[in-house]
Amino acid sequence: MSELINHKLVELINSFQQLPYLFVGTGTSIRYANAPSWDSLLLHIWKISNSQTPEKQFSKLRQGIEYNLYSERPGLTPDEAKYYINPRLATALEKQFCDNYYTSPDFDSKVFTEEENIEILDQHYNPFKYYVAKYISTIKPDKTLIEYQEISSLSKNQNKIAGIITTNYDTILENIFHDFTVMVGQDNLLVSNSFNIFEIYKIHGSIESPDSIVLTDKDYENFESRLKYLSAKLLTLFVEHPIIFIGYGLGDTNIRNLFTEIANCLNNQQLESLKDNFLFITPAIDKEESYSLRDMEFGRNHITMHEFVLKDYSILYNGLSSIQSSLPIKLARTLQDMVCNFVYSANAKNTVIFGDINSPEIDDGKAAIFFGRSDTISQIGFSYYTIDAILEDVLFDNKPYLTNTKLIEQTFKTIRSSAGSTLLPIYKYIKALNYDITKIPANYNIIRDYGSVKPTSSDKRSYLREARSFSSISEIEDSFPDHIPKQVAYIKNFASAINADELGEYLIKYFNTDTYRNHVSLFRKLIALYDYKKYA
């Protein structure tokens with residue numbers, strides 16, 4: 001039976017078209033760290049506030065809440081009821097704990113250190129949640145557990161997992177997935193532009209931020225009030241990626257509410273197409289290992305899930321190794337951040353380098369991405385860069401990777417064949433590479449002397465009819481302040497007398513402005529002139 005289960009699990013994983021997400025619940029922390037269950041956590045907190053009170057009082061408190069709940073909602077099953085009872089119980093414990101903290105003379109010093117009390121008061125932390133965070137922070141993976149051995153299989157395959165969504169507060173996942181970025185709270189998830197790869201989304205908060213913890217009735221009301229927004233955010237993820245649930249029960253209200261919202265957004269055909277996207281992993285505690293298809297009802301719709309009851313989760317984690325994902329986590333994150341920043345940001349850094357993407361020689365089959373150190377490009381050289389990228393580098397000297405022989409021998413050749421009249425700003429690169437200028441092809445349109453940029457007959461007829469003399473660009477601008485064609489005509493006419501640095505400042509002032517775009521051919525000639533004056 002185990003071999004059949006293993007085969008089916010690996011078969012499903014091999015069918016994944018995208019990296020899977022993990023949806024991780026409390027059961028995972030219990031499995032690897034002997035973490036307390038929800039019930040045990042609340043009992044522990046009650047004992048802190050009621051150290052001299054018999055435990056039966058806790059049972060009476062809980063049973064009273066349970067009695068009122070069933071009176072309000074008589075149709076609840078016992079499994080469903082605990083997801084309503086425990087937040088109400090946590091609310092009662094919160095009030096009791098905080099009352100003790102603020103009114104009992106020595107309660108604070110018994111429960112917290114002096115430094116912790118200072119932090120609670122200075123940062124206005126909720127004492128109850130601060131204690132919850134303090135207690136849970138002591139939970140670490142337990143190496144004595146048999147299940148602990150599974151962690152190594154999970155850790156070595158962490159680059160096969162796109163990301164993690166968890167309702168756990170502890171930091172066990174961060175310790176396993178140490179290269180993942182952590183996002184705490186529902187708010188961070190809602191305001192992010194999209195899901196980034198290799199991130200842990202702690203939607204019920206974290207011990208690193210005590211007030212973010214979702215535990216009381218009010219916390220759950222606030223969480224559920226925005227559940228539609230969270231569901232909408234998760235919808236794309238659920239449609240595009242396989243989801244592996246670990247540490248949850250199929251009856252978990254957190255999961256059921258979320259799936260109900262998502263199921264309501266999809267039709268039956270869409271839901272059917274997702275049936276191989278959902279894997280539910282359940283521990284084989286007091287039962288045999290098994291595999292089954294579970295048809296779950298969520299609101300008006302049904303979602304089919306694959307449920308695997310496993311003793312050894314290494315079967316799952318090792319199965320992930322078959323997923324093709326060759327980039328290490330940090331490099332993949334860096335690549336994603338660079339590309340997304342370039343695409344979405346108005347102030348993108350110059351870390352994404354494009355060749356001539358409009359070249360007729362490039363199609364979908366030939367387009368590719370190079371990812372590595374930018375100075376490596378100057379060593380290997382690329383064949384395609386746009387004339388605008390080159391002109392920018394001539395002015396700003398901000399693209400060191402352009403300085404390679406392929407730019408001279410291939411890129412300029414391509415530009416020459418597609419835009420023959422464009423003057424090629426070649427001297428910056430000839431000088432940097434100590435390139436033999438006699439090897440420049442005769443058909444390259446370059447400035448060989450000032451005669452190459454002399455005013456055209458049209459310039460003379462339209463703009464140079466006045467016999468005037470200038471020795472600087474500032475004089476020309478003062479004479480023709482709103483007339484770019486006249487300014488350019490006179491700059492060309494007195495090209496030998498114009499100072500190179502002043503010409504550079506003039507061009508930088510206009511580069512990539514509307515004025516530049518309206519007179520782009522004129523400014524391109526002047527940048528070639530600047531290149532000649534500066535580097536020839």
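Let's start with the lining of the largest pocket. By class, its residues divide into 17 nonpolar, 14 polar and 8 charged. One caution before I go on: this is a predicted model.

How many residues line that pocket? The count is 39. Lying nearest the centre are Gly25, Thr26, Gly27, Ile30 and Gly247. Find those five on the structure and you have the middle of the pocket. Its volume is about 930 Å³.

H2 gives the most, with 6 residues.

Now look at the domains. Domain 1 covers 1–35 + 139–325, and domain 2 covers 37–138. The pocket lining draws at least three residues from each of these two domains.

Stay with helix H5 for a moment. Asparagine 86 is found in that helix. Is asparagine 86 buried or exposed? It is buried, with a relative accessible area of 0%. What does asparagine 86 touch, leaving aside neighbours within four places in sequence? The contacts are Trp38, Asp39, Leu42, Arg62 and Leu215.

Let me step back to the whole protein. There are 536 residues. The fold has 27 helices and 8 strands. Of the residues, 47% count as buried. The protein exposes about 27300 Å², and carbon and sulfur atoms supply 49% of that area. Now contacts between residues at least 6 apart in sequence. Of these, 68% join residues at least 24 apart.

Rolling a probe the size of a water molecule over the atoms shows where empty space is left. How many cavities of 30 Å³ or more does a search of the whole structure find? The search finds 2.

Take the largest cavity. It holds about 110 Å³ of space. Its lining has 15 residues, and the closest to the centre are His204, Phe223, Leu227, Asn254 and Leu258. Three helices each supply at least two lining residues: H12 (217–225), H13 (227–240) and H14 (253–263). H14 has the largest share, 5 residues. By class, this lining has 9 nonpolar, 5 polar and 1 charged residues.

The second largest cavity has a volume of about 40 Å³. Its lining is Leu22, Val24, Thr28, Leu154, Leu173, Ile176, Ile246 and Tyr317. Strand E1 (21–24) and helix H10 (172–176) each give two or more of those residues. Here the classes are 7 nonpolar, 1 polar and no charged.

On to the later part of the chain. Helix H20 spans residues 405–418, and threonine 411 sits in it. Why does threonine 411 count as buried? Because its relative accessibility is 1%, and buried means under 20%. Threonine 411 and isoleucine 390 are 21 residues apart along the chain. Their C-alpha atoms are separated by 10.0 Å.

Further along comes helix H24, residues 484–493. How many of its 10 residues are buried? The answer is 9, so this helix is mostly covered. The buried ones are Ile484, Pro485, Lys486, Gln487, Val488, Ala489, Tyr490, Ile491 and Lys492. Note that Lys486 and Lys492 are both in that list. What do these buried residues pack against? Five helices: H22 (457–462), H23 (473–479), H25 (500–510), H26 (514–518) and H27 (520–535).

Last topic: backbone angles. Most residues other than glycine have a negative phi, and most peptide bonds are trans. I have two residues with a positive phi to show you.

One is aspartate 286. Its phi is positive, about 60 degrees, although the residue is not a glycine. Where is aspartate 286? Look in the loop between strand E6 (278–283) and strand E7 (290–298). Aspartate 286 is exposed, because its relative accessible area is 82% and the cut-off for exposed is over 50%.

The other is asparagine 512. Its phi is near 65 degrees, again a positive value in a residue other than glycine. Asparagine 512 lies in the loop between H25 and H26. Those are two of the helices that the buried residues of H24 pack against. At 45% relative accessibility, asparagine 512 counts as partly exposed.

That's the tour. Thanks.

How values were computed. Residues are numbered from 1 along each chain as its sequence is written. This is a predicted model: local features need pLDDT of at least 70, side-chain atom pairs count only at pLDDT 80 or more; totals for chains, interfaces and linings use all residues. Side-chain values use heavy atoms; hydrogens and water are left out. On a 1 Å grid over the protein atoms alone, a cavity is a set of points where a 1.4 Å probe fits but cannot get out, and a pocket is an open set with protein on both sides within 12 Å along at least five of seven lines; lining residues have an atom within 4 Å of a point. Grid points are joined across faces, edges and corners, and a volume is the space filled by probe spheres set on the points. Helices (H or I, at least four residues) and strands (E, at least two) are DSSP runs, numbered from the N terminus. Ala, Val, Leu, Ile, Met, Phe, Trp, Tyr, Cys and Pro count as nonpolar, Asp, Glu, Lys and Arg as charged, and the others, Gly among them, as polar. Domain bounds come from an automatic or database domain assignment. Buried means under 20% relative accessible area, exposed over 50%, partly exposed in between (1.4 Å probe, protein chains only). Contact means heavy atoms within 4.5 Å. Accessible areas come from the Shrake-Rupley method with a 1.4 Å probe; for residues, only the protein chains shown count as cover.
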